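Thanks, everyone. Please have the structure open as I go.

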Amino acid sequence: MSDWQVPLSAARLTDADIEAAVDVYRSGWLSMGPRTQELETAFSEYTGSGHCLAVSSCTAGLHLAMSGVGLGPGDEAIVPSMTFVASANAIAYTGARPVFAEIMAIDRPWLSAETAERAITPDTKAIVGVSYGGHPGEIEGLKKLAEDRGLALIEDAAHGSGSWLGDRHLGTFGAAGAISFSAGKNLGIGEGGMLLTDDDELAERSRLMRWHGVTRSIWERHRTGTESYDVSGLGFNYRIDDPRAALALSRLSRLDDDNGRRAQIASVYRDQLGGLAGLSLLEAPPESARVSHSMLAVVVDEGVDRDAFRDSLAKSGIQTSVHFSPVHRFELYAGSGANLPVTDAFAARAVSLPMFAQMEEGQQAQVIEAVRKALS
């Protein structure tokens, strides 16, 4: 698929995955229907979430969550700038204003209760916690802060499929959470996502808003022979389709095995790169956590030329990336007034190295050798 000897990520589908999707195409039912219901049930059983709603993207799930907790014009929601822009856009879709808060530290690129609390104003209605690379970050502290201050906690757990802190899956700590199924994620199917919530009212409203507020889905009308329906509110077209749902269901069956392999790869990176001059690693997850390792970021030292570092790896056939460009620096949010020196420093020095479940030992050895060469 590319000329890279070691790509940043690589989604490899099994014959069983492909057959699951082909079976749906053969069935003749292509829109949201029985496979979507199976996926939602399986995901609820896997995560322990009271309600799981399959949607067209994690962004759609976040928007439904923001709307579901009542965000609207005049409200504010606190969000890290060190995230993909969707975290902030989902707030803005409701008419509310994203307020960007500082990350904890250069090796902890996520919100803490302390950094989030500094951003609270009388207009704050929600806090958005982002699981960077599937790491739980300070989600328990954010949960307590939200409860103490009467705010809604929304989890952008885009990277969090199969990430647990203790016995709780990421996305289940707050009012709602959203997970991504986009191609580069550890449960990637192309596009898609899942909304998680234990709130019955939020779930019911989101089911309706997922498809234009229509009170009876096409599948339900087909199954029952009832043609009538109502439209109870101004909704969206955020449906997933059954071929993608079947593919996600198939991949979910081996998610823990894939994440276990990612954990092994992350452990080798830590062992081989830890203490290397010119580079530092992000804080390891706590012992009580089992995480997805959706991506693997390192931070070059202040005196290291990051562009030259990445170019050296590229010349060795190693693909890298940067996660992420800080959202408050984009033209869209240039008027936010955010002053986030730690976020800016991380954004200038972070590099994402190859991470995928099927990475071969030889490929990882190539990456490690290329990193050492680039820093020598």
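This is a predicted model: local features need pLDDT of at least 70, side-chain atom pairs count only at pLDDT 80 or more; totals for chains, interfaces and linings use all residues.

Let me start with G177, whose bridge partner in strand 9 is L196. The strands concerned are strand 8, residues 176-180, and strand 9, residues 193-197, which run antiparallel and are joined by 4 bridges.

Now, what packs on the sheet here, touching strand 1, strand 8 and strand 9? That is helix 2, whose direction makes about 135° with that of strand 1.

Stepping back to the sheet as a whole, we have an open sheet of 7 strands in the order 1-9-8-5-4-2-3, with mixed pairing. At the edges stand strand 1, residues 51-55, and strand 3, residues 97-101, and because each has a single partner strand, one side of each is left without a neighbour in the sheet. From one strand to the next, the twist averages 20°.

Let me return to helix 2, residues 34-47, which also packs with helix 9, residues 242-252, at an angle of about 30° and with the two axes 8 Å apart. Since angles under 35 degrees count as roughly parallel, helix 2 is therefore roughly parallel to helix 9. The crossing in which helix 2 passes helix 9 is left-handed.

As for the residues that meet there, helix 2 contributes P34, R35, T36, E38, L39, A42, F43 and Y46, while helix 9 contributes D242, A245, A246, A248, L249 and L252. By class, this contact of helix 2 with helix 9 has 10 nonpolar, 1 polar and 3 charged residues.

Terms used: Residues are numbered from 1 along each chain as its sequence is written. Side-chain values use heavy atoms; hydrogens and water are left out. Axes are lines fitted to C-alpha atoms, for helices over the stretch in contact, and angles run from 0 to 180 degrees between N-to-C directions. Helices (H or I, at least four residues) and strands (E, at least two) are DSSP runs, numbered from the N terminus. Angles under 35 degrees count as roughly parallel, over 145 as roughly antiparallel, 65 to 115 as roughly perpendicular and the rest as oblique. A crossing is left-handed if the near helix is turned anticlockwise from the far one by less than a right angle, and right-handed if clockwise. Contact means heavy atoms within 4.5 Å. Ala, Val, Leu, Ile, Met, Phe, Trp, Tyr, Cys and Pro count as nonpolar, Asp, Glu, Lys and Arg as charged, and the others, Gly among them, as polar. Two strands pair if DSSP finds at least two bridges between them.
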